[in-house]
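Let's take a walk through this protein together, one neighbourhood at a time.

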Amino acid sequence: MEFKNIEIINIANALTNIYNCSKTAKQRFYIANVADDFLHKSSMLKIEINKIIEDEGNVEDGKKKLEITNEHYVDLMEGVTKIEFDKVPLSLLNDIDVQINDMIAIKKIIKEGD
């Protein structure tokens with residue numbers, strides 16, 4: 001399945017939050033397996049973001065910052081990456097207090113109707 005890079009970062013963050021709220025080993029194992037590629041790609045994207053900040057950022061209050069309208073940043077976030085995975089059964093999330101922002105982030109990787 002193809003994802004915009006910004007979606008990958010959001011999904012990786014959401015899966016981490018859901019993993020931390022999960023209660024059983026089965027839930028954690030399944031979520032960890034799905035999260036693996038998303039977390040790896042998210043880490044690689046964050047390295048690229050930091051490189052753009054270092055190369056093109058402006059110093060404000062002693063820190064380098066980047067405008068979110070920066071062309072290279074926008075191109076990176078709008079880029080598309082293919083990740084193969086097994087969709088997460090909705091029933092796996094039954095006993096987990098999933099926050100709404102996390103559910104929105106992972107809706108493309110949920111398998112409904114189980």
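Val34 is buried, because its relative accessible area is 6%, under the 20% cut-off for that label. This model is a predicted one, so please read every value here as computed from predicted coordinates. You will find Val34 in helix H2. Setting aside residues up to four places away in sequence, Val34 touches Leu15, Phe85, Asp86, Val88 and Ile109.

With residues up to four places away in sequence not counted, Ile109 touches Phe3, Ile11, Leu15, Val34, Phe38, Phe85, Lys87 and Val88. Ile109 also belongs to the largest nonpolar core, a set of 28 residues. Along with Ile109, the residues with the most contacts inside this core are Phe3, Leu15, Phe38 and Ile106. Helices H1, H2 and H3 each supply at least two of the core residues. As background, nonpolar side chains tend to be buried together in soluble globular proteins.

Now look at the aromatic rings. How many aromatic pairs are there? The count comes to three. In one of them, the ring centres of Phe3 and Phe85 lie 5.9 Å apart with the planes at 40 degrees, so this pair is tilted. Phe3 sits in strand S1 and Phe85 in the loop between S4 and strand S5 (88-89), so to speak two distant parts of the chain, 82 residues apart, linked by the pair. Phe3 has 1% relative accessibility and therefore counts as buried. In another pair, the rings of Phe38 and Phe85 have centres 5.4 Å apart and planes at 65 degrees, so this one is edge-to-face. Because Phe38 is in helix H2 and Phe85 is in the loop between S4 and S5, the pair ties together parts that are 47 residues apart in sequence. Phe38 counts as buried too, because its relative accessibility is 0%. Taken together, ring pairs link Phe3, Phe38 and Phe85 into a cluster.

Next, turn to helix H1, which covers residues 5-21. Its 17 residues reach 25 Å from the first C-alpha to the last, close to the 24 Å expected at 1.5 Å a residue. Which residues of H1 are buried? They are Asn5, Ile8, Ile9, Ile11, Ala12, Ala14, Leu15 and Ile18. Their cover includes strand S1 (2-4), helix H2 (25-56), helix H3 (71-78), strand S4 (80-82) and helix H4 (100-106). For a charge placed over a ring, look at Arg28, which lies over the face of Tyr19 at 4.8 Å from the ring centre.

Back in helix H2, you will also find Gln27. Is this residue, Gln27, buried or exposed? Gln27 is buried, because its relative accessible area is 5%. Its side chain reaches the backbone oxygen of Leu92 at 3.1 Å. Beyond residues up to four places away in sequence, Gln27 touches Ser22, Leu92, Asp95 and Ile96.

Asp61 counts as exposed because its relative accessibility is 75%. Asp61 is not a glycine, although it has a positive phi of about 55 degrees. Leu66 is in the loop between strand S3 (63-65) and H3. Apart from its neighbours within four places in sequence, Leu66 is in contact with Ile52, Ile53, Glu56, Gly57 and Tyr73. Leu66 and Lys107 are 41 residues apart in sequence, and their C-alpha atoms are 29 Å apart in space.

Finally, zoom out to the whole chain. The protein has four helices and six strands, and from the N terminus on they run β-α-α-β-β-α-β-β-α-β. Its C-alpha atoms fill a box of roughly 50 × 30 × 20 Å along the principal axes. Of the 114 residues, 33% count as buried. Among contacts with a separation of 6 or more, 69% come from residues 24 or more positions apart.

Methods
Residues are numbered from 1 along each chain as its sequence is written. This is a predicted model: local features need pLDDT of at least 70, side-chain atom pairs count only at pLDDT 80 or more; totals for chains, interfaces and linings use all residues. Side-chain values use heavy atoms; hydrogens and water are left out. The expected span of a helix is 1.5 Å times one less than its number of residues. Buried means under 20% relative accessible area, exposed over 50%, partly exposed in between (1.4 Å probe, protein chains only). Contact means heavy atoms within 4.5 Å. Rings of Phe, Tyr and Trp (its six-membered ring) pair if their centres lie within 6.5 Å; planes under 30 degrees apart count as stacked, over 60 as edge-to-face and the rest as tilted. A charge sits over a ring if NZ of Lys or CZ of Arg is within 6 Å of the ring centre and within 35 degrees of the ring normal. A nonpolar core is a set of buried Ala, Val, Leu, Ile, Met, Phe, Trp, Tyr and Cys residues joined through side-chain atoms within 4.5 Å. A polar contact is a pair of N or O atoms within 3.5 Å; within protein, one must be able to donate a hydrogen and the other to accept it, and residues adjacent in sequence count only if both atoms are side-chain atoms.
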